[in-house]
Amino acid sequence: MKKALFIFLGFIFLYSCKNETLKENVSLSTDYTQYVNPLIGTSKMGHVNPGATAPFGMVQLSPQTNFEVMYLEDGSYNAETYEYCAGYQFHDSTILGFAHTSFSGTGHSDLGDFLVMPTTGELVLEPQETEDGRKGFYSVFSHDSEEASPGYYKVDLASYNIKAEMTASERVGFHKYTFPESDDAHIILDMIYNIYYHDNKNVWTFIRVENDSLVTGYRQTKGWARTRTVFFAMQFSKPFKSYGYKKYNKETYNGFYRRFNETENFPEMAGKELRAYFNFNTEEGEEIKIKFALSPVGTNGALKNLKAEIPCWDFEKTRQETKAKWNKELSVIEAEMLTEGDMVNFYTAMYHACLSPIIYEDVDGQYRGLDQNIYISDGFTNYTVFSLWDTYRALHPLYNFIRPDRNNDMIKSMLAHYDQSVHHMLPIWSHYANENWCMIGYHAVSVLADAMVKNVGDFDREHALRASVNTANVRYFDGLGYYIDYHYVPDDLSHSSVSKTLEYAYDDWCIAQMAKQLGDTETEAKYLKRSEYFNNVYDPRICFMRPKMSDGTFRKNFDPMDTQGQGFIEGNAWNYGLYIPQDIDKMISMMGGKERFTLHLDSLFTIDIADKYIENTEDITRDGIIGNYVHGNEPGHHIPYLYNWTGHPEKTQERIRMILETMYKPEVEGLCGNDDAGQMSAWYIFSSLGFYPVLPGSTDYALGSPLVIEAEIHLKNGKTLIIKANNQSKENVYVKNVSINGRKLDGLNITHQDIINGGEFVFEMSDQSGNL
């Protein structure tokens with residue numbers, strides 16, 4: 001075992017060669033981490049966590065403040081679960097422990113692996129309440145003692161007089177606990193705790209006590225990811241004096257292990273649900289540190305990761321190294337804003353945009369594939385957590401802008417997923433070597449198309465097109481066969497029929513753009529035709545997209561205001577019905593022309609939606625609504641920019657600045673909805689810079705109204721783009737004109753080539769609408 005541990009040191013050099021770094025043209029004279037507040041969005045709907053993590057890191061070491069089961073005793077869904085998609089809510093006053101995995105900003109959840117909690121006094125192994133009604137091992141805490149910054153989290157566990165501090169590298173969480181004097185100090189490892197827990201979620205857990213300071217193991221769960229296995233290595237800075245565990249599942253067969261007393265000082269622990277503990281004596285002020293490494297492959301992989309990334313016990317060194325990694329990511333855009341609050345909003349959005357997708361491979365390049373076999377990444381870093389219904393809209397276009405190298409690796413990861421898929425499909429919503437099938441569309445094709453038309457990356461273009469075409473023809477996927485046969489998704493045959501028709505049509509347009517890039521005119525023509533299927537769900541009598549039945553008639557009893565059961569997913573006809581980004585001019589024409597469409601947009605922002613229309617849709621709340629416009633969810637993020645196509649760019653400018661000011665705030669309730677794996681934040685970043693990718697898969701960006709005074713953007717090609725907003729103020733929301741390198745812009749779009757050429761964009765701002 002010792003030999004196996006030491007040979008992993010040889011992988012340090014390999015890792016250092018493979019670790020991604022930004023170009024060294026970024027000035028680090030300013031510490032941009034000072035403007036990041038990880039607590040923004042931790043209250044209500046943001047669903048982000050405040051814990052310690054590295055950029056795009058596999059480990060998210062974060063406090064868990066409550067434990068809600070997914071289903072109640074009567075089998076019904078527990079709506080309170082939704083609050084805890086990230087395991088943390090700011091309004092709580094208790095901490096159950098610190099878990100090592102968490103999504104950022106999602107509207108459904110999983111993870112929460114390997115909860116660690118330090119305690120003193122009588123050993124208690126239940127987190128909230130014991131069977132006889134006594135207090136569980138949770139601790140009360142005060143936000144006054146809480147501190148969160150990129151790569152660091154601290155809090156005082158008042159129930160035990162323990163100071164808890166966290167930092168992390170990409171694959172290793174680093175704990176530091178400062179104890180009082182005690183003969184009964186404990187570290188609890190809770191293998192039961194889960195986010196979105198249900199009775200059958202834990203399939204199996206296994207722990208080995210390798211020696212008096214090293215523990216390894218794994219857990220397999222069946223949740224949002226159906227077959228998810230995570231391995232770990234847990235190294236203590238101090239030997240424990242004794243250890244044990246309690247099993248909470250009923251054993252039906254235990255073989256000849258029954259001859260042992262497995263519960264105390266027995267170096268193997270196995271079962272469906274168990275909690276382990278490790279006992280210590282501590283002096284006043286003594287620190288016990290834990291390095292907790294993860295791996296998708298095995299415990300040997302976790303040990304490699306531990307040795308390579310954090311070989312020493314210098315907590316502050318790791319903290320500062322991770323802070324420096326964050327500062328490099330944040331400093332890609334060096335922004336000057338009007339207020340400190342705006343700076344905090346901007347750089348917290350940058351932070352949130354770099355939390356996922358996450359690196360999903362060991363330092364030696366090994367990762368677990370979709371088929372559960374082990375692969376070695378060849379020429380790329382493997383990523384996971386692809387919330388594509390959300391992130392294709394702005395997050396991946398943002399990466400094409402500021403981190404094309406990472407997006408190239410993400411696309412190669414998607415193509416690897418396709419190669420390993422028994423369905424021969426690109427990811428829909430995937431995490432941890434699993435497809436979870438959440439949401440609609442096949443939006444990986446948008447990510448591929450956007451990269452292709454912008455000439456991003458060195459991935460195989462022919463392979464990307466084949467994968468996209470095959471994905472778009474899997475008939476048993478979510479009404480897709482009906483879409484192919486009927487040229488729309490019939491509402492009586494598949495739910496969310498209008499949303500699916502619109503999203504499939506857009507995705508097909510993306511495939512056509514890929515084919516065009518490769519000179520495949522036959523495929524281009526076929527998918528351009530499919531991209532027009534949105535026409536088939538438009539009802540000209542009421543001027544709304546409307547569910548159509550398999551007999552060709554429109555559905556009766558239709559309410560375009562209702563967000564539930566009207567043919568749309570997480571939206572209504574007022575919002576989602578405006579999703580035809582591939583042919584906005586046609587949409588405006590079919591809906592009555594520019595004047596009428598402008599009035600429709602005006603009404604969308606001014607007519608209040610009644611509570612009854614949103615009360616059954618948990619992803620839409622009052623916090624993210626302006627009139628009837630829903631900014632707190634993704635389908636409408638392009639809508640404020642649509643005025644540009646009606647001859648009223650001044651209204652786009654008004655709406656954009658209003659949303660930037662009202663929907664994002666530098667406070668714990670500062671996100672108006674789920675951050676959705678960075679999409680909500682990516683909208684803020686783009687819009688603050690003055691433009692937005694209304695149509696991913698094209699090279700155009702629509703102009704808005706910048707919030708920055710000036711931004712210096714360090715492009716991956718070594719060039720620098722400077723954006724200036726002359727005469728910028730809170731009142732001067734209108735853009736009189738825009739110039740690119742001294743040339744006055746003619747029109748309301750800029751191109752990707754304009755951006756990557758570098759140089760200077762100058763916006764002339766005014767308090768009066770101009771002639772842009």
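Guide: Start with lysine 412 and aspartate 458, whose side chains meet in a salt bridge at 2.7 Å, N to O. This is a predicted model, where local features need pLDDT of at least 70, side-chain atom pairs count only at pLDDT 80 or more, and totals for chains, interfaces and linings use all residues. Residues are numbered from 1 along each chain as its sequence is written, and side-chain values use heavy atoms, leaving out hydrogens and water.

Visitor: What makes lysine 412 and aspartate 458 a salt bridge?

Guide: The rule asks for a side-chain nitrogen of Lys or Arg within 4 Å of a carboxyl oxygen of Asp or Glu. Here the N to O value is 2.7 Å, so the pair of lysine 412 and aspartate 458 qualifies.

Visitor: Why is this pair said to tie parts together?

Guide: Lysine 412 lies in helix 8 (residues 404-420), and aspartate 458 in the loop between helix 9 and helix 10 (461-471), so the linked parts are 46 residues apart in sequence. Helices (H or I, at least four residues) and strands (E, at least two) are DSSP runs, numbered from the N terminus.

Visitor: How do you know whether lysine 412 is buried or exposed?

Guide: Buried means under 20% relative accessible area, exposed over 50%, and partly exposed in between (1.4 Å probe, protein chains only). Lysine 412 has 16%, so it counts as buried. Aspartate 458 has 56%, so it is exposed.

Visitor: How many salt bridges does the structure hold?

Guide: The count is 41. One of them joins arginine 228 and aspartate 113, with the closest N and O atoms 2.7 Å apart. Arginine 228 is in strand 13 (residues 228-236) and aspartate 113 in the loop between strand 3 (97-99) and strand 4 (115-120), so this pair ties together parts 115 residues apart in sequence. Both arginine 228 and aspartate 113 are buried.

Visitor: Why is the pair of phenylalanine 260 and phenylalanine 266 called tilted?

Guide: Rings of Phe, Tyr and Trp (its six-membered ring) pair if their centres lie within 6.5 Å; planes under 30 degrees apart are stacked, over 60 edge-to-face, the rest tilted. By this rule there are 57 aromatic pairs. Phenylalanine 260 and phenylalanine 266 are 4.8 Å centre to centre, with 35 degrees between the planes, so the pair is tilted.

Visitor: What makes tyrosine 360 and tyrosine 432 edge-to-face?

Guide: Their ring centres are 5.4 Å apart and their planes at 65 degrees, so the edge-to-face label applies. Both tyrosine 360 and tyrosine 432 are buried.
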